[in-house]
6 protein chains.
Amino acid sequence: MRLKRKDKVVLKLTGSLFDRNAEDIKAIAEVLTDALKELEGLTVVTGGGEAARRYIDAARKIGADQATLDEIGTEVSRINARLLITTLGSLAYPYPPDTLEEAVKASSTGKVVVAGGFQPGQSTNAVASLLAERLSATILINATDVDGIYDKDPKRFSDAKLLKEVTVAELRRMLEGGAIHAGTYELMDPLALKIIERSKIPTRIIRCSPESIRGVLVGRDIGTLIVG
Amino acid sequence: MRLKRKDKVVLKLTGSLFDRNAEDIKAIAEVLTDALKELEGLTVVTGGGEAARRYIDAARKIGADQATLDEIGTEVSRINARLLITTLGSLAYPYPPDTLEEAVKASSTGKVVVAGGFQPGQSTNAVASLLAERLSATILINATDVDGIYDKDPKRFSDAKLLKEVTVAELRRMLEGGAIHAGTYELMDPLALKIIERSKIPTRIIRCSPESIRGVLVGRDIGTLIVG
Amino acid sequence: MRLKRKDKVVLKLTGSLFDRNAEDIKAIAEVLTDALKELEGLTVVTGGGEAARRYIDAARKIGADQATLDEIGTEVSRINARLLITTLGSLAYPYPPDTLEEAVKASSTGKVVVAGGFQPGQSTNAVASLLAERLSATILINATDVDGIYDKDPKRFSDAKLLKEVTVAELRRMLEGGAIHAGTYELMDPLALKIIERSKIPTRIIRCSPESIRGVLVGRDIGTLIVG
Amino acid sequence: MRLKRKDKVVLKLTGSLFDRNAEDIKAIAEVLTDALKELEGLTVVTGGGEAARRYIDAARKIGADQATLDEIGTEVSRINARLLITTLGSLAYPYPPDTLEEAVKASSTGKVVVAGGFQPGQSTNAVASLLAERLSATILINATDVDGIYDKDPKRFSDAKLLKEVTVAELRRMLEGGAIHAGTYELMDPLALKIIERSKIPTRIIRCSPESIRGVLVGRDIGTLIVG
Amino acid sequence: MRLKRKDKVVLKLTGSLFDRNAEDIKAIAEVLTDALKELEGLTVVTGGGEAARRYIDAARKIGADQATLDEIGTEVSRINARLLITTLGSLAYPYPPDTLEEAVKASSTGKVVVAGGFQPGQSTNAVASLLAERLSATILINATDVDGIYDKDPKRFSDAKLLKEVTVAELRRMLEGGAIHAGTYELMDPLALKIIERSKIPTRIIRCSPESIRGVLVGRDIGTLIVG
Amino acid sequence: MRLKRKDKVVLKLTGSLFDRNAEDIKAIAEVLTDALKELEGLTVVTGGGEAARRYIDAARKIGADQATLDEIGTEVSRINARLLITTLGSLAYPYPPDTLEEAVKASSTGKVVVAGGFQPGQSTNAVASLLAERLSATILINATDVDGIYDKDPKRFSDAKLLKEVTVAELRRMLEGGAIHAGTYELMDPLALKIIERSKIPTRIIRCSPESIRGVLVGRDIGTLIVG
């Protein structure tokens with residue numbers, strides 16, 4: 001499953017990108033700007049990162065319920081979305097949408113829509129798969145803090161092997177068996193998996209670097225492909 | 001876990017209620033009207049029922065994606081919400097909210113908010129648990145087409161026993177083991193279970209009848225209690 | 001008054017189309033897709049049909065006021081709008097608008113806007129004429145369950161003649177004199193007639209079939225033309 | 001049909017009130033403030049008056065379509081609504097609603113909602129009757145520039161008689177026969193009449209003066225009663 | 001600082017334009033329509049004029065607070081925006097935006113957005129500079145009732161000289177020293193000046209006439225240039 | 001000017017409060033909860049603090065324009081508003097409003113509305129004074145990082161004296177003369193001063209501590225009073 005011209009791409013960017021320096025964000029914006037003319041559509045979802053965790057901690061100490069904690073994380077992911085919008089300039093829809101419906105409407109302008117989270121109970125990974133499903137995206141790229149999915153935790157096992165391809169069902173088994181390490185927790189959001197599975201959305205897990213993102217966008221076979 | 005005065009209740013009503021005749025809906029509205037003065041707050045979520053399935057079938061034949069199918073089911077559940085709002089008259093907030101945020105804002109008027117679904121990827125059961133979590137409800141009542149949760153399928157086994165209480169973890173195991181029959185599928189929505197578990201929301205599964213709903217609301221120990 | 005290239009069309013589709021099978025809806029979507037490149041703009045309004053009547057009956061039994069009955073019919077017409085949006089894919093604006101203002105804004109994206117009803121007190125025929133007026137449409141096509149307007153009821157009189165052209169004033173006289181049979185009731189919505197008259201919107205009443213719609217769109221002289 | 005305690009009132013105020021001096025508006029606001037504690041609910045609709053006509057003229061000269069002319073008149077009526085809101089202070093909902101739905105939601109706060117127009121194709125008289133219907137008002141008071149409905153034009157015939165009561169059907173006949181003079185044109189809005197008729201809303205036509213409004217609100221038999 | 005092809009222009013039109021006759025508004029709309037193909041983007045802001053002052057006076061007599069007076073002036077400026085939208089036809093976004101965010105979103109459709117005011121505490125001059133800043137406009141043209149900024153009041157001193165260029169700092173000094181006459185009061189809105197200064201937005205003060213506006217748009221050195 | 005029962009209070013809380021620990025926020029929430037029954041209304045505005053500055057720095061490095069920087073600061077101030085809302089529980093309106101209009105509407109529910117910023121070009125101090133003006137507040141309390149306004153910079157001059165009372169005009173002169181030190185920069189927002197002056201809103205500058213806030217709310221003469 002390689003990317004072709006006129007693909008419709010949904011790209012999830014890990015929140016940790018926004019904890020790094022401005023150059024990293026600009027480098028990725030450049031990759032997206034270059035790729036854009038080859039694509040039919042591009043929608044980006046940004047995670048919350050360290051800043052989200054800091055705010056969520058503060059809110060938990062104050063006694064906020066889980067739904068409110070999720071909402072606060074969502075607000076931070078939306079500020080990250082604004083940082084990316086700024087780097088994309090007039091290519092991007094000027095504000096992150098509040099809801100899935102607003103995102104889909106914004107997409108119909110032809111601009112790159114950059115969303116953060118939407119609602120409690122959903123990770124930004126779930127948001128990315130919902131958008132991929134609703135917009136009939138041909139691929140969902142999940143740019144994370146790891147190179148892809150391994151058969152065991154690469155931090156603990158030197159012989160851990162990066163999987164080229166995995167089904168949603170296998171991924172679920174690995175999660176239950178504890179084979180997948182905590183750092184990739186977010187990949188496992190049950191709602192995200194359910195959506196990928198039911199709509200058979202080809203999903204590629206890659207590292208969030210300009211090189212990897214450019215690689216996938218020009219059709220290179222990078223990271224792990226999850227098949228629905 | 002019995003209901004006390006000044007409880008804050010979220011009540012999910014199965015969509016099939018709205019496939020029955022007007023008297024059934026009115027009877028339940030009457031129960032709610034009576035109970036209201038004893039409660040600190042009441043929020044109701046209505047399912048989609050047969051009409052939703054009919055529309056979803058039509059949309060599937062036309063080639064709609066899964067997210068759009070969910071959205072169409074959501075629209076029908078919102079029409080059901082309007083039917084209940086009509087029977088409740090000025091006790092109810094006059095329109096079903098579009099989003100969780102709108103529902104929470106509407107709740108702050110003190111009226112009974114009646115919601116249908118909100119978003120693709122979420123059953124109306126998930127909506128009910130999200131509302132229960134966000135509104136810090138003291139109980140979530142799920143009025144379904146069955147009397148509660150059985151240890152095996154009561155349609156196939158005459159010795160099936162209604163469980164008085166079950167944990168979310170046990171419920172998950174039963175689902176995986178296939179002990180729970182298809183008809184109660186919706187109870188098993190993974191997002192709904194995750195929310196109930198993480199926020200330890202006491203949840204009671206009962207049959208959707210005026211008697212059962214009145215029973216739970218006056219503190220009787222009916223159906224199955226799910227503990228977070 | 002024939003359709004020319006670069007016409008701006010508002011098309012009303014009878015709700016009964018959505019009571020038929022998926023193939024009928026798809027066939028009409030195909031006609032519209034073909035015609036689109038010849039038009040400056042296309043806006044579609046969908047009626048409520050049998051499903052709307054069923055829900056309105058249910059709400060009436062519950063004791064809903066007339067305005068709420070209208071609102072419920074409106075909700076159903078909007079679900080019908082979504083079915084058509086699905087078949088039109090990325091040519092269509094992705095959601096039916098809630099208000100006239102939202103419809104006009106959505107039209108400025110260049111997409112085909114598909115609306116249902118907007119407000120109590122207005123039939124979807126009135127909505128179609130309001131949109132035709134506000135968007136300065138060059139023609140309003142009303143695709144109904146009949147072939148056009150007859151001088152007497154064609155079900156009772158074998159010599160009933162299809163009128164090629166009729167003025168709004170003549171139409172009003174026929175309505176008052178009882179010459180027009182009940183089945184075409186909706187055509188007579190006083191608000192729709194007032195709008196057509198005051199803005200002199202050329203309006204063609206045709207049967208809702210792929211052939212008739214295609215015919216009018218390629219400039220054939222089908223059905224009855226109402227002149228303002 | 002006299003007003004009772006706990007009536008739910010919709011009051012239409014002629015736009016010409018806002019062409020007069022501030023004292024007149026304040027005097028009416030005082031009457032409403034006094035009456036409020038006796039009522040279950042009060043909703044006010046303000047017309048556009050001379051300022052609306054001036055703006056509509058300007059827009060017509062520029063070449064605006066009829067729908068846009070209506071929208072501009074609507075905007076002016078909404079500014080008039082704001083003037084009344086200011087005089088009512090914290091008794092009033094702080095902004096005029098944009099749509100019927102927003103008006104109904106605002107009413108559920110218990111404040112006096114003051115609306116102008118909503119949509120093209122509807123006079124503010126139609127808005128008032130739609131609100132009366134949707135809110136299940138017990139009476140609609142239409143405060144106009146005349147004392148009520150006469151059997152002939154009182155400006156031309158010295159023996160013209162104020163009618164105590166008239167049915168919608170009689171009113172329609174008088175309009176068609178030309179018995180009703182142009183100055184009361186707005187009373188005849190066909191949508192307003194249709195709503196009053198179908199929902200049998202008791203409607204009283206009175207002169208827009210503090211005395212008449214107070215009179216009706218304390219149950220005096222003033223002006224003309226239209227029965228549905 | 002002359003205008004070049006592909007400039008992004010924000011144009012403020014004095015409210016008094018809308019107190020004149022329809023021909024003046026149409027003449028300016030024609031200039032804008034002609035210029036449009038040479039520009040990357042055009043956003044227009046309309047003032048309130050005499051009609052705004054009339055309504056503000058009425059509201060002051062009723063006892064409205066300053067914020068409400070501002071809001072009423074804003075509503076009138078938005079009606080003026082609609083008059084211009086009408087003359088621009090399908091080149092314009094069809095409604096004036098309610099907020100800065102909505103204006104920026106509307107701009108991303110490529111249409112000419114025509115705004116009135118947004119919020120209390122801001123003149124429409126401040127709105128124009130905020131839009132210029134947020135949209136990264138290359139020039140802000142302020143079409144007023146005067147030819148530009150003079151070194152002293154031209155009505156009192158026959159030797160008053162039109163300044164070709166002035167800095168924001170010099171302008172502030174002139175204002176404090178009383179050198180600038182009352183008629184140009186609006187130019188001095190402190191928020192407008194702050195925005196122009198902090199973002200160094202080249203701003204040209206010209207007379208609101210078709211000739212001057214056309215002149216600036218084709219690059220002629222007219223009126224006074226304020227440099228940030 | 002001491003606070004009386006039934007005062008209508010707008011309280012601005014410095015953003016730095018939200019950089020401290022949870023206990024500080026809870027302590028202030030407790031003070032507000034206690035005071036509430038003595039007040040006719042309470043509206044709170046939260047600043048952005050260190051987190052806002054961090055995000056603004058990141059956005060500046062990426063090349064964001066000033067208006068976008070303001071918007072990002074606004075988003076962070078709104079997250080701070082949510083933290084306070086959480087501590088206030090059901091006393092607070094559940095979400096921070098997006099605009100002044102939404103804030104005023106939310107106030108009409110009787111809940112404590114907690115707002116962050118609204119728009120570029122406005123500090124949260126300006127937001128607080130706009131709300132005080134629009135809601136006809138009887139006092140604006142500005143809880144800052146200093147004890148009040150001094151005649152010279154207390155960090156550099158040991159004989160600096162806290163002023164009991166100062167007029168807006170005097171404050172402007174001190175600002176221009178450089179007498180006021182940088183740390184109190186935000187107090188000087190020209191829009192905030194203009195609003196306080198034109199509407200003569202009694203404004204008290206105090207330190208943001210539970211003791212000072214409680215003190216002012218029970219009528220003690222703390223900090224500096226600015227008179228309009």
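Tutor: The radius of gyration is taken over C-alpha atoms, and the globule rule is 2.2 Å times the number of residues to the power 0.38. Keep that in mind for this predicted model.

Student: What radius of gyration does chain A have, and what would a compact globule have?

Tutor: With 228 residues, a compact globule would come near 17 Å; chain A has 17 Å, so the two agree. Along its principal axes, the C-alpha trace of chain A spans about 50 × 45 × 35 Å.

Student: What else describes chain A?

Tutor: Chain A holds eight helices and seven strands. Of its 228 residues, 55% are buried. Take the contacts in chain A with a separation of 6 or more: 71% of them link residues 24 or more positions apart.

Student: How do I read a strand? Take strand 6 of chain B, residues 203–207: is it largely enclosed or open?

Tutor: In a regular strand the side chains alternate between the two faces of the sheet. A residue counts as buried if 20 or more other C-beta atoms lie within 10 Å of its own. Four of the five residues of strand 6 of chain B are buried, so the rest of the structure largely encloses this strand.

Student: Which way does strand 4 of chain B run relative to strand 6?

Tutor: Strand 4 (residues 139–144) runs parallel to strand 6, joined by five bridges. Leu140(B) stands opposite Thr203(B).

Student: And how many bridges join strand 6 to strand 7 of chain B?

Tutor: Three, and these strands run antiparallel. Arg204(B) has Leu225(B) in strand 7 as its bridge partner.

Student: How many residues of chain B are in contact with chain A?

Tutor: 20 residues of chain B touch 20 of chain A. Helix 7 of chain B gives the most to its side, with five residues. By class, that side has eight nonpolar, seven polar and five charged residues.

How values were computed: Residues are numbered from 1 along each chain as its sequence is written. Chains are lettered from A and ligands numbered from 1 in the order in which they are written. This is a predicted model: local features need pLDDT of at least 70, side-chain atom pairs count only at pLDDT 80 or more; totals for chains, interfaces and linings use all residues. A residue is buried if 20 or more other C-beta atoms lie within 10 Å of its own, exposed if 12 or fewer, and partly exposed in between; C-beta atoms are placed from the backbone. Helices (H or I, at least four residues) and strands (E, at least two) are DSSP runs, numbered from the N terminus. Two strands pair if DSSP finds at least two bridges between them. Two residues are in contact if their C-beta atoms, placed from the backbone, lie within 7 Å. Ala, Val, Leu, Ile, Met, Phe, Trp, Tyr, Cys and Pro count as nonpolar, Asp, Glu, Lys and Arg as charged, and the others, Gly among them, as polar.
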